[in-house]
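I opened a notebook for a structure that was new to me. The entries below record what I looked up, in the order I went.

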Amino acid sequence: MSGLENSNESSNNEGIILAIETSCDETSVAVIRGGSHIASNVISSQIEVHERFGGVVPEIASRKHVEVITLMIEQALEESGYGLDDVSAVAVTQGPGLVGALLVGIVAAKSLAMALDVPLIGTHHIAGHIYANQLVHELQYPCMALVVSGGHTELVLLESEGSFRMIGRTRDDAVGEAYDKVARALKFPYPGGPHIDKLAMEAERAITLPRAWLEAGSYDFSFSGLKSAVLAVINQTGMKGEELDKAALARGFQESVIEVLVEKALRAVREFGAKQLLLCGGVAANRGLREALTARCAKESVPLLVPPHRLCTDNAAMIGAAAYLKWKRGEFTPLDMKAEPNFSLEGWATGRTI
């Protein structure tokens, strides 16, 4: 049976996890069976609310979560075909994320866990993005995860199930942040990433921009210099009174980002002997990145795992998938759990207490 198929023929022994995700501007609730079968996964997006501000406003995000969280829980249960009595555990994003937004989900999860007398599982947001792949693929260890999102750009080695070793991360802007800042400079609406991606894929030429490789052998990333280079092109074109070729600039920017991501990810796969490369996070929906990684991995015979678009952006199904790693080991979270805006992924690994 596919991980995306729904099935209600189960018992609590298989782990029916009700998962909640409120780390940023999506309110999502899912019901997951056995760590890989999605019974429901409902999402309420706030994009239209924040679009007028050009980015997420934390206080507004928190208030919107409060408004819809109860309705989302009810809808997720109704669509799943399960009742509250079927729930084995309640999982919730503990961090990282916006502290006010995280707290809305955490309070709801704690209340449910207490009322139902079932375990609570505080879950790492990035572990969720990584294990979103498990909802549609079988993972083989060791594997390498390239995490690309609005707030994260990381290379994570998984030597075994539920273990995380950070081998590279961004030193400044994450990929998603860089896309949004460049899009804002080009006067595209929020979120800007899809606009840059579409324009770049349609462009006939590219404006050459620098690549930030950093020190020899480094797996870290840096995109602030690239963003500054884009702004320099925009300013210089304006001072000369010339018309800016937005498509060529978007393509040049995207090619610079993608080349660094692809080269470092494939080098990491070779060095650490990974059996698979996992693409994870909201920017995994980027067409240019998907196509470049697919071609390069095919050339080097590296299996590439990418979730469908609906599982790339923030959603509760991925939180349920990651939480299942803890559930089956009996590693639960105390009810005095706090939101952790800067939660450590390596510290959340299985075999450790939260």
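Terms first. I take a pocket, on a 1 Å grid over the protein atoms alone, as an open set of points where a 1.4 Å probe fits, with protein on both sides within 12 Å along at least five of seven lines; a cavity is a set from which the probe cannot get out, and lining residues have an atom within 4 Å of a point. Grid points are joined across faces, edges and corners, and a volume is the space filled by probe spheres set on the points.

Ground rules. This is a predicted model, in which I read local features at pLDDT of at least 70 and side-chain atom pairs at pLDDT 80 or more, while totals for chains, interfaces and linings use all residues. Residues are numbered from 1 along each chain as its sequence is written, and side-chain values use heavy atoms, with hydrogens and water left out.

Confidence. I checked pLDDT, the predictor's confidence in each residue from 0 to 100. The protein has a mean of 92, and 95% of its residues reach 70 or more. Residues 1–11 stay under 50, and the model gives them 29 contacts beyond four places in sequence, a contact being heavy atoms within 4.5 Å.

Overall form. I counted 12 helices and 10 strands; these are DSSP runs numbered from the N terminus, helices being H or I with at least four residues and strands E with at least two. The C-alpha atoms fill a box of roughly 70 × 45 × 35 Å along the principal axes. The radius of gyration is 20 Å, which agrees with the value near 20 Å for a compact globule of 354 residues. That radius is taken over C-alpha atoms, and the globule rule is 2.2 Å times the number of residues to the power 0.38.

Largest pocket. I found about 1200 Å³ of space in it. Its lining has 41 residues, and Ser-149, Gly-150, Gly-151, Asp-180 and Tyr-190 lie nearest the centre. Which helix gives the largest share of this lining? It is H5, with 7 residues. Helices H4 (125–131), H5 (175–185), H6 (193–202) and H10 (309–312) each supply at least two. I sorted the lining into 16 nonpolar, 17 polar and 8 charged residues. Here Ala, Val, Leu, Ile, Met, Phe, Trp, Tyr, Cys and Pro count as nonpolar, Asp, Glu, Lys and Arg as charged, and the others, Gly among them, as polar.

Second largest pocket. I noted about 250 Å³ of space here. It is lined by 16 residues, with His-152, Glu-154, Met-166, Arg-169 and Phe-343 closest to its centre. Strand E7 (153–158), strand E8 (165–169) and helix H12 (345–348) each supply at least two lining residues. The lining divides into 6 nonpolar, 7 polar and 3 charged.

The E7 and E8 strands. I followed these two further, and they pair in the antiparallel sense over 4 bridges; a pair needs at least two bridges found by DSSP. Val-156 stands opposite Met-166 in E8, and Leu-157 opposite Arg-165 in E8. The two strands form a hairpin with 6 residues between them, and Gly-162 in the turn has a positive phi of about 80°.

The sheet. I traced an open sheet of 5 strands in the order E8-E7-E6-E9-E10, with mixed pairing. E8 and strand E10 (304–305) are at the edges with a single partner strand each, so one side of each has no neighbour in the sheet.

I found a cis peptide bond between Gly-95 and Pro-96, with omega about -10°. Pro-96 is in the loop between strand E4 (89–95) and helix H3 (99–116). The bond from Tyr-141 to Pro-142 is also cis, with omega near -5°.
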